[in-house]
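Hi there,

Here is the structure I promised to pass on to you. Please open it alongside this email, and my notes follow below.

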Amino acid sequence: MGLTNIQLLGFAGILCALLSSYLLIKFIIFVWRTAQAIWKRNARRTSPSIAKPLKTRDKKAPVPEAAADSQKPSKKTPKPKAAPPKLGTAPTQQLGQCQTPLITLCASPCGRFVLVTSTDRTGSLFEFNPSGKTKFERLDFGDDYPSCSAFRADGLGFALAWEWNNSIKIYAIDPTRITQKSMGKCVQQVCAVPFTHKELLRSVMFLSPTQILSCDRGYTLEVHDLAGTKLLSHTLKCPPGTQLAWNTALGVLATTSFSCEVKLWKLKAEKTGALAFPAKHHTCMFGHNHSITAVSFSEDSLALTASKDNTWKIWNLNVRYDIDETPKVVFSGPIPDSTVPVTFIQASPSQSHILLGNHQSLHLYKWAAALQTASYVGHLVIALHSVATIAWMGEEHLLTGVDGVDRSASIWHLSKFKNL
């Protein structure tokens with residue numbers, strides 16, 4: 001007896017339903033397995049990899065059951081934790097702890113005052129007392145915050161660069177009004193110097209009590225007097241990452257950009273009072289065999305450099321720049337720790353000590369100018385986090401700023417340095 005068309009259509013519908021169900025189940029299984037594989041792959045990336053021991057076929061001597069039971073690790077025994085790394089020597093004084101990251105941190109050359117600013121648009125002015133209690137006063141900057149700062153040579157004034165206002169404000173300090181209760185009454189604004197930089201500023205500094213230098217991230221230099229008159233505007237043609245150092249006593253600018261040499265530029269004062277930047281550098285300092293990582297000047301006529309060739313050098317800049325005389329190397333010594341390049345090198349105000357190091361540790365030398373020799377004093381481990389600022393505070397103290405979990409400024413006495 002033959003099947004009717006209706007019956008055939010019914011069987012076809014049942015077969016289609018079964019096939020669709022089968023394909024749907026296969027698709028769900030495929031999606032589930034794919035999601036599981038992706039989850040396992042991400043878990044392997046985020047979790048630390050553990051190397052499994054290789055299986056060997058060497059037959060071992062039979063071990064007694066009691067000894068075998070004693071050698072089996074207990075499931076309840078927790079794994080031993082690694083000991084926390086040491087933070088190093090404790091500082092002599094710690095100038096509080098900021099709730100937000102630090103923006104600027106600078107110290108006066110005499111070591112009396114420390115200025116700290118942070119991203120919450122506030123700051124603190126500290127008056128350091130080595131033998132007593134350090135005074136401080138809070139500063140409120142309103143709706144703006146400075147990008148860089150610098151102290152005057154006498155320490156009784158400082159400059160703050162304000163990006164939104166396109167100006168550098170000069171402040172005077174009245175030490176008698178630091179009471180730890182008032183908000184900025186010890187600081188009075190003297191003047192505001194406008195600038196025409198097109199990029200963010202990277203540094204400001206006083207060339208003299210009446211002249212201030214500013215440099216942006218595009219390496220454009222501007223010099224203004226306190227009346228707002230522009231004395232110099234020049235853009236250096238140098239690659240990003242170029243290091244700059246300025247010698248105010250000689251009026252010499254040093255530039256180095258991942259090379260073995262340091263170019264020296266000497267400014268010339270015109271009769272009108274303006275400053276002229278030379279079209280070409282006057283001379284170079286040659287002597288390193290690898291790229292230079294740090295350069296600075298002392299208060300008089302010495303230059304200091306550190307390089308990846310694991311040496312640091314002291315140069316005499318008291319040469320005749322009009323005849324392109326090359327500075328001479330007066331001392332060259334090895335870097336104690338060559339695992340991390342030196343990113344900081346600087347002499348104390350009286351050139352009695354020289355400090356060099358990086359974000360991990362600092363090394364101190366005692367410099368004898370008469371004998372032109374440097375003797376190693378010791379090293380100092382600062383912290384686990386990167387050090388943003390290192391500056392001398394007089395002859396016996398250092399200022400460091402750590403931008404990380406701590407976000408703090410610390411003062412260290414030279415007695416904290418320990419010999420290796």
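Strands here are DSSP runs of E with at least two residues, helices are runs of H or I with at least four residues, and both are numbered from the N terminus. With a relative accessibility of 44%, Ser-233 counts as partly exposed; that label sits between buried (under 20% relative accessible area) and exposed (over 50%), using a 1.4 Å probe and protein chains only. Setting aside neighbours within four places in sequence, Ser-233 is in contact with Leu-221 and Glu-222, where contact means heavy atoms within 4.5 Å. Its C-alpha atom is 7.1 Å from that of Thr-220, a residue 13 places away along the chain.

A word on the source. This is a predicted model, in which local features need pLDDT of at least 70 and side-chain atom pairs count only at pLDDT 80 or more, while totals for chains, interfaces and linings use all residues. Residues are numbered from 1 along each chain as its sequence is written, and side-chain values use heavy atoms, with hydrogens and water left out.

Now the chain as a whole. It has two helices and 30 strands, and 40% of its 420 residues are buried. Of the contacts between residues at least 6 apart in sequence, 44% join residues at least 24 apart. The chain exposes about 24900 Å², with carbon and sulfur atoms supplying 57% of that area; the areas come from the Shrake-Rupley method with a 1.4 Å probe, and for residues only the protein chains shown count as cover.

Pro-91 sits in the loop between α2 (65–71) and β1 (93–97) and is partly exposed, at 26% relative accessible area. Not counting residues up to four places away in sequence, Pro-91 touches Ser-410, Ile-411, Trp-412 and Lys-416. Pro-91 and Lys-416 are 325 residues apart in sequence, yet their C-alpha atoms are 7.8 Å apart.

Next, a sheet. Four strands form an open sheet in the order β6-β7-β8-β9, with antiparallel pairing; two strands pair if DSSP finds at least two bridges between them. At the edges are β6 (146–151) and β9 (187–194), each of which pairs on one side only. Five of the six residues of β6 are buried, so this strand is largely enclosed by the rest of the structure. Five bridges join β6 to the antiparallel strand β7 (residues 157–162), and Ala-150 stands opposite Ala-159 in β7. The hairpin of β6 and β7 has five residues between the strands, and there Gly-155 takes a positive phi near 80 degrees. Strand β8 (residues 167–173) pairs with β9 in the antiparallel sense over seven bridges, with Ile-173 opposite Val-187 in β9.

For Cys-238, the nearest cysteine sulfur is that of Cys-215, 7.9 Å away, and Cys-238 counts as partly exposed at 22% relative accessibility.

Best wishes

Note on methods. Disulfide = S-S within 2.5 Å.
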